[in-house]
Amino acid sequence: MGCCDTPGLMPVETALTKILDQVEPLKDVTSVSLSEGMGLVLAEDICSPINVPPFANSAMDGYALRSEDLANTDTLRMAGKSFAGIPYDGVCQPGECIRIMTGAQMPEGADTVIMQEETEVDGDNIRFTAKASHGDNVRPIGDDVHQGDVVVAKGNRITAREMPLLASLGIATLPVYRRPVVAFFSTGDELRPVGEPLEAGQIYDSNRYGIRALLEKFGCDVMDLGIIPDSPEKLREAFDKATTADVLVTSGGVSVGEADYTKDILDEQGEIGFWKIAMKPGKPFAFGTIKNTWFCGLPGNPVSAMVTLYQLVQPMLAKLSGHSQYQPPQRLKAKATTVFKKRPGRADYQRGIYQINSDGQVEVATTGNQGSGAFSSMHQANCFVVLEQDRGRVMPGEDVTIELFNHAMY
Ligand code: AMP
Ligand code: MG
């Protein structure tokens, strides 16, 4: 054990490895139309059935010609027109040029386009004021994609970056994995739903809103089971309902004091590990199975719930979804511009605001109060400041690791 390892606490990496070692991707493949594919994960490689572009075409409005013709003259006779969707049906002969628009098919015989700004038009005689090299302003056949190439590999999630590419290949349906179904509920007698007045000692249930928002961003189908009071019967009932889902995410009830109580019920229902993770916020975390449903028990404190969901459950859902091309959020080195309070013992996921300063250097400031219930720190932040387990207080000017929020937070 190193000098700063805390007995009984599980490093974040160990927890993540334990989770990912157990979870296997869902196998169910369905077919959806291209427009329904957003956010889904490809279950097969997509190979291009065609070349893109399918024919050589002009990148400019201008004149298509044979470049060798301009060796001896600067004027050619316009013999016809090629518009987008209405190609010239003849052959561009020596001494001729063809009026052509952007995206229009190159006429047979022509190999080069000179843009209209570099011409002087006198009836059908076109004088070219600029020289051109063979192939200028022509987009060759297959310039973007070759027929038969793997264009988007299995395990990629479909986003706005893939949609137009797939459409350009004429792909109308996609083989995809089904979305994981994730049930979730909040536990606690003190919780009230929004829209109702608070009575003494009560607070609003905020976790369900953060959990739903992230799960939807992770590409899951959600099943909101509401607020479950701290009652064994109600909890049993809720666990039972949740077993139709692939995953159950709960918040609250896994911290010391409550753990025994929830633990008894969970122990009779499934195989759950109650972990104390060396992370702050988010020490208590439960993981396992209830029948065939994965169980993730998040801590109740709102920031802890969000951070554990993001750091531990997100990669698990990526694996479950078949998202083998999943990239963990990007980490960068940044210079601290404020103090970051910390004690050695746990890895901190503090909330920070990074910016690029006028020298092009990445710097990061704290959002202030880092309490695990202080959700305004999440709202102000644009990154996590990941401070190593054995690290102490960080002073301005020190280097720290930041982790940029990924699409799930936006
Ligand atoms: P617990 O993990 O149940 O001991 O809860 C830890 C803290 O988080 C307590 O202050 C709870 O009131 C609070 N908490 C638990 N669940 C929620 C929730 N769904 N929304 C807001 N706060 C919660
Ligand atoms: Mg509770």
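**Close-up views of strands, loops and helix contacts**

**View 1. Strand β23 (residues 347-356) and strand β24 pair in the antiparallel sense over five bridges.** This is a predicted model, in which local features need pLDDT of at least 70 and side-chain atom pairs count only at pLDDT 80 or more, while totals for chains, interfaces and linings use all residues; side-chain values use heavy atoms, with hydrogens and water left out. Residues are numbered from 1 along each chain as its sequence is written, and chains are lettered from A and ligands numbered from 1 in the order in which they are written. Helices (H or I, at least four residues) and strands (E, at least two) are DSSP runs numbered from the N terminus, and two strands are said to pair if DSSP finds at least two bridges between them. Q355 stands opposite E363 in β24. The two strands β23 and β24 form a hairpin with five residues between them, and G360 in the turn has a positive phi of about 80°.

**View 2. Strand β24 (residues 362-366) also pairs with strand β22 (residues 331-336), here in the parallel sense and over two bridges.** Strands of a sheet pair through backbone hydrogen bonds, either parallel or antiparallel.

**View 3. An open sheet of six strands, with mixed pairing, has the order β7-β4-β6-β5-β9-β8.** Strands β7 (112-115) and β8 (119-122) stand at the edges, each with a single partner strand, so one side of each is left without a neighbour in the sheet. On average, and with direction ignored, neighbouring strands of this sheet are turned by 40° against each other. Strand β5 (residues 75-82) runs antiparallel to β9 and is joined to it by three bridges, and T75 stands opposite R127 in β9.

**View 4. Two cis peptide bonds are shown, one joining V52 and P53 and one joining K280 and P281.** For V52 and P53 omega is about -5°, and P53 lies in the loop between β2 (46-47) and β3 (57-58). For K280 and P281 omega is likewise about -5°, with P281 in the loop between β19 (279-280) and β20 (284-290). Most residues other than glycine have a negative phi, and most peptide bonds are trans.

**View 5. N137 has a positive phi of about 60° although it is not a glycine, and K291, also a residue other than glycine, has a positive phi near 50°.** N137 is found in the loop between β9 (125-128) and β10 (138-139), and is partly exposed, with a relative accessible area of 27%. K291 is found in the loop between β20 and β21 (293-298), and is exposed, with a relative accessible area of 56%. Buried means under 20% relative accessible area, exposed over 50%, and partly exposed in between (1.4 Å probe, protein chains only).

**View 6. The axes of helix α3 (residues 207-217) and helix α6 (residues 302-320) come within 10 Å and cross at roughly 25°.** Axes are lines fitted to C-alpha atoms, for helices over the stretch in contact, and angles run from 0 to 180 degrees between N-to-C directions. Helices α3 and α6 are therefore roughly parallel to each other, given that angles under 35 degrees count as roughly parallel, over 145 as roughly antiparallel, 65 to 115 as roughly perpendicular and the rest as oblique. The crossing of α3 and α6 is right-handed (left-handed if the near helix is turned anticlockwise from the far one by less than a right angle, right-handed if clockwise). The contact (heavy atoms within 4.5 Å) is made by N207, G210, I211, L214 and L215 of α3 and by P302, A305, M306, L309, Y310 and L317 of α6. By class, this contact of α3 with α6 has nine nonpolar, two polar and no charged residues, where Ala, Val, Leu, Ile, Met, Phe, Trp, Tyr, Cys and Pro count as nonpolar, Asp, Glu, Lys and Arg as charged, and the others, Gly among them, as polar.

**View 7. L309 lies in helix α6 and is buried, with a relative accessible area of 0%.** Not counting residues up to four places away in sequence, L309 touches I211, L214, L215, F218, V249, L298 and Q314.

**View 8. Helix α1 (residues 12-22) and helix α6 pack at an angle of about 25°, with their axes 10 Å apart.** That angle makes α1 roughly parallel to α6, and the crossing of α1 and α6 is right-handed. From α1, the residues V12, A15, L16, I19 and L20 meet Q311, L312, P315, M316 and K319 in α6. The residues of this contact of α1 with α6 divide into eight nonpolar, one polar and one charged.
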